[in-house]
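Open the model in your viewer and show the whole chain as a cartoon. The tour starts with overall views and ends at one pair of residues.

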Amino acid sequence: MRSNVWIGLTALAALAVSLLVFAVIGTPMGHSYGFNMSWTVAFADALSAGAIYPRFLPALWDGVGGFDFFFYAPLPFYIAVGPAQWVCPGCSPQVLFGLSGGFLCWLSGMTFWIFSRQFLPLKPALVAAFVWALAPYHVGIDWMVRQAAGEFAAYVFVPLVGHGVLVTLRDHRPVWSLPVGLAGLGLSHLPTLLLVVHVMAVIVAVWILTDRTRFVRSLVILAIMGISGIALSAFYWLPALILLGDVSPEGLYTQELIPESWYLIGADVLPESMYKLALLICQLTAAAVAGLAILITAGETRRNLIIWALVPAILVLLLNSSFSRVLWDNWIIAKVQFPYRLTLISDLALALSIGVLSAAFASDRRSRRIAWVGVGALVISFLAVGMLLPDRITKGIAARGQPIAMIGAPEYLPPAVFNPLAEDVKAEGQPIWRLSRHMLELAAEIEAAGSGFIQPVQEAPRQWIVRVEDLGQSETPLRVVLIYWSHMKAETTDGTPLTLSPDPENGFVTFAPTDADVRITLPRHWSEWVGAFLAGFGLIAAVFVLYRGRRAESNLTRFAEYPEG
């Protein structure tokens, strides 16, 4: 009882410190800072307008709208405009998004605590949880350098997936953490979900090779619960995958944004920046510390470390080297673009290994020396990442009260808009991500008085009315301040269907002249309905299997207590 009180107080103190630190820092000026800020504002606006799950964000691109959240995972932004807003009402978007990082960082430590307790005693498990929550790649690179909100949120759910896989393999029973972890990964970051599934498959294979008892039953349970967990988030990922061909993701596949440009080992050239070197140090540190932890352990603890720390850490190094080129060239994991995303798995190995080493300080002199070497390696990793941070933090603090440029992600623009803008960017010799500035300039020109475009009135989250009755007779197509997508529908207010088309110069909505007002809608795509059905099916399947598993376990316990009955 006393230990439970101590754990609870520790958790509350960690939450308070996490929120305070992240609120003071705000949102660092990382790679995706501009997108995260505009998405936070636009997501909040869409929720306040009545959308429960905003996919189309009307506030993006200075009010002409964007389809970004058909494709980008929503969970981090629900936290930014939900719990963060409750803690700090009236705070700037920079502070709110920073607070969301505090919540996610704390939650990641809590879930790793659940996972690490399967391996470690109480205090070493707490050490492991703190290392996972504050690991160099997690907080330093993912949050402060990259501002990768989705990947940062994924740290909450990876330990739950690990916990579910471990318990299923060891106890041959279903457990809640596997479907919840996979669903959370799906709603946080699809590339991480894809990578984690592959890594867990390797872990399962190694487990089976070292412990063949009843593995068929465990594999069946893993398959059912895994499919159920992935299905739980299908209402998001199915439309995201089906509709991806109707926007412009290929615009990102430039030479600097493909896997072969990011090998950290065995590449044609050495890492060309401190950023790549810091990533490599993080991965090497995890493998080295896992090896040190194995040196001072034996029995089941050593076996668990080999399976859950050393093998994954070495796998990450291999997949970040040019020796794995054939895999990145021919397998679906190439869709994640950057092999270094796997450093998240290195952090898992690092946290477990440091947890084991922390217990060695109460052991013999040799074990203590090895533990100190492991801690020293962790400090070196922190220092390497820390060299990337000061400028990001100071610029973010300085910008915390500044207006937000309402940009969206260029790859989520429809081709009718993206292609002419991309030609302008290429003509100026600029990288493709500079397209955002061109799009804002285009939006400003279209919304300017006398531009010939009509401003629509939003009636519902995915519905607009265009007032055309007072415009007089015209033979030219009517143009609307609304970004065009092929899935939009339109009809006059008297029920006559209209055909929408993109303006050939800029890709905004146009339609033939009419005397009646026009209602434009973005109806639910079939993939949204099917995704919702799959999510419901996944929930029912997971609950059913868990119920059956709990009931079977209860009957087994009852039989053991009363064998004669």
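A residue counts as buried when its relative accessible area is under 20%. In this predicted model, buried residues make up 54% of the 565 in the chain.

**Whole chain.** Colour by secondary structure. Turn to the principal axes: the C-alpha atoms fill a box of roughly 90 × 65 × 50 Å.

**Contacts.** Take contacts between residues at least 6 apart in sequence. Of these, 75% join residues at least 24 apart.

**Surface.** The chain exposes about 24700 Å². Carbon and sulfur atoms supply 65% of that area.

**Charges.** Select the charged side chains. There are 36 positive and 39 negative ones. The centres of the two sets lie 19 Å apart.

**The sheet.** Hide the surface and select β2, β3, β9, β5 and β6. In that order, these five strands form an open sheet with antiparallel pairing. Which strands stand at the edges? They are β2 (457–460) and β6 (497–498). Each has a single partner strand, so one side of each is left without a neighbour in the sheet.

**One edge, close up.** Zoom in on β2 and on β3, residues 463–466. The two run antiparallel, joined by three bridges. Finish at V457 in β2, which stands opposite I465 in β3.

Methods: Residues numbered from 1 in each chain as written. Predicted model: local features only at pLDDT ≥ 70, side-chain atom pairs only at ≥ 80, totals over all residues. Heavy atoms only, no water. Pairing = 2+ DSSP bridges. Helix = DSSP H or I, 4+ residues; strand = E, 2+ residues; numbered from the N terminus. Buried < 20%, exposed > 50% of the residue type's maximum accessible area, 1.4 Å probe, protein only. Contact = heavy atoms within 4.5 Å. Areas by Shrake-Rupley, 256 points an atom, 1.4 Å probe, with all protein chains shown as cover. Lys, Arg positive; Asp, Glu negative; His and termini not counted. Charge placed at Lys NZ, Arg CZ, Asp CG, Glu CD.
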